[in-house]
Amino acid sequence: MAHVFVTGAAGFIGSHTVDRLLAAGHAVIGLDNFRTGRRANLAAALASPHFSFHEGDVSAPGTLAEVVSATKPDAIIHLAALVSVQESMTNPDLNYALNIHATHLVAEAARLHAVHRIVFASSAAIYGDASDFPIRESTDKKPISPYGSAKLASEALLLGHGAAFGLTVRCQRYFNVFGPRQDPASPYSGVISIFDRRYRDGKGVTIYGDGQQTRDFISVHDVARANVLAATAPTVSSGVANICTGRATSLLEVIGVFARHYPQAPAFLHGAPRTGDILHSLGAPEHAAAALGFRAEVSVEEGLSELIRSG
Ligand code: UD1
């Protein structure tokens, strides 16, 4: 049994990661300030005697260090973040505090309290608007948002700390993650969470552009499994890996699955393409398989059906 500390524990990816760690028999310490995370996401975890929860802000002086020194985890999974690309553009200072400074605090807390492993929530946003597919880990990094630059800077901070002080660091470059508990609140939320909410409410959805744009949509269950592997596998070495499926799915295909589940729903509308949208995104999954033994298992069709049926 490992002791794993999860920052951003009440978030979309965080809460699924906590649940999976507990199911695998690990002891979990969670931290969240409920800025974007929700207590309801931790309903199952809070009932477990193997879960302890701390409410607090990762970027606040002393908070991380206090929890880490009191709990002495074997690994930290650092998922707390400003999660919206859009918000990183309207509030670059907050992006810096939550997505860069907090990473440094995690690295320092690990160094000072002998935590040997850090798993970090990176993003395909570090690649920017790539033109060669699939995107490999060696593909040029050209972030086009403060969010993407912060994720790239954080990878460098952690890997440098790891090399200097003997910590194992795994940077997980998530592609388009979807599944239960993703917040659909903003027009810039993940498209699948928006569609799910609107179909549930009996409303029609709008496709920006012709719907032929594709993404490498990965189920949050697969992402949580990748996090657990990276944090608890006995032998992993430091490095970066795309966490993706290697399969491209178009928005029209996504709509097709919803339409089968909601035959009475209003027909979808087409809107103008969204400014700054990329047409395609597709990751190469082979490196994660070699480095972590991770392969995505949930198809988009299965993942969508599960999301649609979930409460
Ligand atoms: C992601 C970011 C976005 C950022 C972009 C940079 C998330 C959730 N989104 O977008 O903030 O600007 O990377 O490349 O992190 N769509 C619709 N109808 C809707 C909502 C979205 O057709 O109601 C379309 C979008 O225009 C896009 C596709 O769905 O073509 C996917 O959108 P989204 O889920 O936001 O993912 P990314 O485009 O990868």
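Helix axes are lines fitted to C-alpha atoms over the stretch in contact, and angles run from 0 to 180 degrees between N-to-C directions. Helices (H or I, at least four residues) and strands (E, at least two) are DSSP runs, numbered from the N terminus. The model is predicted, so that local features need pLDDT of at least 70 and side-chain atom pairs count only at pLDDT 80 or more, while totals for chains, interfaces and linings use all residues. Residues are numbered from 1 along each chain as its sequence is written, and side-chain values use heavy atoms, with hydrogens and water left out.

**View 1. Packing of helix α9 against helix α11.** Two packed helices are described by the angle between their axes and the distance between the axes. Helix α9 (residues 251–261) meets helix α11 (residues 300–309) at an angle of about 45°, and their axes are 10 Å apart. The two helices are therefore oblique to each other; angles under 35 degrees count as roughly parallel, over 145 as roughly antiparallel, 65 to 115 as roughly perpendicular and the rest as oblique. On α9 the contact (heavy atoms within 4.5 Å) is made by V254, V257, F258, R260 and H261, and on α11 by E301, L304, S305 and I308. These residues of the contact of α9 with α11 comprise 5 nonpolar, 2 polar and 2 charged. In this classification, Ala, Val, Leu, Ile, Met, Phe, Trp, Tyr, Cys and Pro count as nonpolar, Asp, Glu, Lys and Arg as charged, and the others, Gly among them, as polar.

**View 2. Packing of helix α3 against helix α5.** The axes of helix α3 (residues 63–71) and α5 are 9 Å apart and form an angle of about 25°. That angle makes α3 roughly parallel to α5. The crossing of α3 with α5 is right-handed. L64, A65 and V68 of α3 are in contact with A102, L105, V106 and A109 of α5. The contact of α3 with α5 has 7 nonpolar residues, with no polar and no charged ones.

View 3. N99 belongs to helix α5 (residues 92–112). With a relative accessible area of 2%, N99 is buried (buried means under 20% relative accessible area, exposed over 50%, and partly exposed in between, with a 1.4 Å probe and protein chains only). Neighbours within four places in sequence left aside, the residues in contact with N99 are A81, L82, L94, Y147, A150 and S154.

**View 4. Aromatic pairs.** The whole structure holds 7 aromatic pairs. Rings of Phe, Tyr and Trp (its six-membered ring) pair if their centres lie within 6.5 Å; planes under 30 degrees apart count as stacked, over 60 as edge-to-face and the rest as tilted. F178 and F217 form an edge-to-face pair, at 6.5 Å centre to centre and with 90° between the planes. Because F178 lies in strand β7 (residues 176–178) and F217 in strand β10 (residues 217–219), the pair ties together parts that are 39 residues apart in sequence. Both F178 and F217 are buried. Y199 and F258 form a stacked pair, with 4.9 Å centre to centre and 0° between the planes. This pair links distant parts of the chain, Y199 in helix α7 (residues 191–200) and F258 in helix α9, 59 residues apart. Y199 is buried at a relative accessible area of 5%, and F258 is buried at 0%. One aromatic cluster is formed by F195, Y199, F258 and Y262.

View 5. F133 and P134 are joined by a cis peptide bond, with omega about 0°. P134 is located in the loop between β5 (117–123) and α6 (146–165). F34, although not a glycine, has a positive phi of about 60°, and its place is in the loop between β2 (27–32) and α2 (43–46). K72, also not a glycine, has a positive phi of about 45° and lies in the loop between α3 and β4 (75–78).

View 6. A267 is found in the loop between α9 and β13 (269–271) and counts as exposed at 66% relative accessibility. A185 is found in the loop between β7 and α7 and counts as exposed at 67% relative accessibility. A185 and V4 are 181 residues apart in sequence, and 30 Å apart in space from C-alpha to C-alpha.

Definitions and conventions. A crossing is left-handed if the near helix is turned anticlockwise from the far one by less than a right angle, and right-handed if clockwise.
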